[in-house]
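Hi everyone, thanks for coming. Let me put a model up on the screen, and then we'll walk through one part of it together.

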Amino acid sequence: MERREFLKTSSVAASAFVIGFYIPTKTRASDAKAKEKVLQPNSFVEISSDNTINFIMGQVEMGQGTYTTLAMCIAEELNVDWEEINIKAAPVAPVYNHVWGPLMITGGSSSIWAKQLEMRKIGAALNIMIKEVASKKWKVRTYDVETKNSKVINKKTKEEFTFGELIADLASIKVPNDPKIKDLKDCKIVGKAHSRHPKEAWAKVTGKAEFGLDVRVEGMKYAAVLHPSVFGSKVKSFDAKKAEKRDGVIKVKQIPSGIAVIADTWFVAKEALKDITVEWDLGEFAKVSTSDMDKEYALAMEKDGASMRKDGDSVKAFKEAKNTIELDYDFPFLAHAAMEPLDFVAHHDKNKATVWSTAQSQTLAFGAIMKVLGTKPENITYHTPFLGGAFGRRGAINLDFVLEGLFVAKDEGYPIMTLWTREDDIKLGSYRPKYKNKVKLSLDDNGDITAFDAKVVSQSIFKGSPFAFAYANGVDGAQKEGLVDHPYSIDNHDMQAYIMESPIPVLWWRSVGHTQSAQTLECSIDQAAHIAKKDPIEYRKSMLTDKRFINLLDDVASKADWKNRKIEKNVGYGVAIVKSFGSICAQIAKVRVTKNDYKVEKVWCSIDCGFAFNPQNVENQMISGINFGLATLLSSEITIKDGATVQSNFYDYTVTRISDVPDIEVSIINSGEKIGGIGEPGTPPILAAVPNAIFDATGKLYTSMPIKMV
């Protein structure tokens with residue numbers, strides 16, 4: 001907020017008033033500021049003369065509920081019917097950049113905490129301006145004017161104006177630069193449970209919402225791409241004569257990622273791929289399978305790694321230990337498997353480009369358009385439709401599906417939708433990395449942990465990427481996330497990381513590094529409690545100093561009636577607590593074990609995200625995150641055979657089915673602490689709570705995912 005100034009524009013001729021922010025650049029002179037004001041389409045709220053209110057949002061909506069909650073934030077301060085606000089995707093412009101840096105991006109469970117204050121202040125500023133205009137018209141004090149339900153009202157005479165009737169006069173009003181906003185406890189919209197924005201929900205359930213797959217443009221053609229199946233392989237030569245003879249096939253062209261067929265329909269393009277014969281240079285990776293990688297990872301585990309954390313004297317602690325624990329964990333590659341396959345529509349018409357992109361970072365995709373098509377920024381029109389799920393996949397660092405769509409459309413002169421099949425998406429990566437972790441704990445006579453050593457072996461997500469700042473000194477950010485900064489009071493640590501190399505592309509996956517660290521940490525802590533013969537919740541609390549953690553454990557224990565839980569044969573209860581993306585989430589899972597199988601029957605979840613702007617969306621995200629994580633425990637895994645992915649579709653890459661879904665009870669604590677995210681924190685705890693519950697039921701801790709009971 002410090003770098004931003006409110007900016008307003010008004011056009012009576014256009015019958016609209018807009019308000020947003022101007023972001024001063026660091027290096028440009030003041031004359032550039034005036035130029036940017038003209039060129040930069042930077043509105044956040046538009047009010048038209050017919051009282052239509054539009055909210056323009058820089059975040060993409062991929063099912064996480066950001067549209068709804070940020071619209072609530074504006075409506076709260078503007079005093080309008082929030083359900084009547086229209087939502088529009090923002091163009092690519094610096095004013096919509098994330099607080100992280102100079103790019104538009106949606107991810108890291110950040111949209112609400114990063115934008116809520118900005119949106120509330122915009123609503124508050126506009127509300128003050130509207131009341132000032134009305135008071136002048138009525139020649140009364142602003143104190144005698146109030147706003148309500150998208151109208152401004154004279155308290156004494158009960159006269160009314162719609163907001164739209166005042167837009168011409170708003171231009172003469174100075175924008176308050178630091179408007180006072182409501183205390184959260186006084187809010188009437190924010191902090192209350194609301195279903196999805198009715199206009200968004202209605203559009204989706206009636207099929208009127210435009211996802212990337214729904215984009216239709218006059219004259220549009222379709223492209224399918226023949227990709228190599230072996231990672232790292234390349235095209236040596238190909239013969240497409242037969243494919244080119246198919247009715248409806250327009251063109252076959254080689255692009256960096258494979259061979260593209262452009263046709264009148266996507267089905268024709270996809271079928272024509274079968275007519276292409278290719279000679280591949282398979283490379284060395286064609287000899288590699290998962291079993292080979294397991295051996296390589298095991299060898300790497302024995303090598304010295306880069307230090308992630310080293311304090312105290314672990315060597316001494318282990319020498320003096322009463323008990324020690326050693327655990328090995330194996331986590332497979334994981335696909336994102338979003339419901340909408342990857343797609344990209346591009347029209348390269350001479351020196352102009354128009355795209356419909358479902359990338360999570362508009363800025364990175366915009367840069368790719370300029371680079372691949374050689375198009376100047378002012379000649380690019382960028383559209384952002386709804387995203388049919390992402391879980392990080394559409395934030396691909398390598399921009400694979402974006403680049404592919406651009407190379408297909410380059411110089412073709414007509415719009416082309418390049419569409420991946422489900423098989424393309426699952427077989428080609430980019431995956432959550434494969435991890436192999438080792439943990440060593442030392443316990444003293446009292447059962448307290450005196451040393452915590454760990455090693456994490458995996459590929460790096462961030463090395464060499466635009467986010468390379470998250471890779472330093474041989475350690476990837478996802479390797480240490482949630483591990484080196486664990487909340488427990490332990491005096492001695494020696495944690496190391498080792499980076500593996502592979503042609504398999506890897507990427508962040510919902511909750512990123514916490515998908516390996518949560519289980520590594522919380523299952524190990526549970527084992528220590530078991531050896532110490534102490535209650536796992538009380539054991540955790542004895543090592544915690546942060547009251548938020550303790551309160552959450554008490555809350556989830558209370559909701560699950562932990563102390564009075566019924567002891568049944570083959571039934572177990574497991575607990576875990578994880579801080580991720582600024583929020584803390586505790587979960588207790590109840591599991592029933594049958595012969596060679598198990599069923600998660602109930603999950604109690606307590607979440608402290610500081611303040612729940614929309615409690616219903618928080619609950620929904622917790623349920624979503626738990627079910628997302630359950631898939632990795634039950635069945636999801638990507639395996640490699642002869643350099644290629646074995647799995648290809650939902651029949652062999654299984655996600656959580658309705659029959660797998662447990663009863664889930666969510667408790668929300670508004671601690672008043674710094675606001676955290678909600679899209680991802682629901683996933684990590686379940687990854688540990690369930691194995692801990694199975695251990696409680698069977699006495700066996702499963703540390704290889706997915707859990708295969710024998």
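I'll talk about a sheet first, and then about the helices. This is a predicted model, where local features need pLDDT of at least 70, side-chain atom pairs count only at pLDDT 80 or more, and totals for chains, interfaces and linings use all residues. Residues are numbered from 1 along each chain as its sequence is written, and side-chain values use heavy atoms, leaving out hydrogens and water.

So, the sheet: it is open, with 4 strands in the order β25-β26-β27-β30 and mixed pairing. Strands here are DSSP runs of E, at least two residues, helices are runs of H or I, at least four residues, and both are numbered from the N terminus. Two strands pair if DSSP finds at least two bridges between them. β25 (571-580) and β30 (663-668) each have a single partner strand, so one side of each lacks a neighbour in the sheet. Strands β27 (597-608) and β30 run parallel, joined by 6 bridges; one of the bridge pairs is Cys-605 with Val-666 in β30.

Now the helices. α17 (615-634) lies across β26, β27 and β30, where contact means heavy atoms within 4.5 Å. What about α17 and α18 (683-698)? Their axes come within 8 Å and cross at roughly 50°. Axes are lines fitted to C-alpha atoms, for helices over the stretch in contact, with angles from 0 to 180 degrees between N-to-C directions. The α17 residues in that contact include Gly-625 and Phe-628, and those of α18 include Ile-686 and Pro-691.
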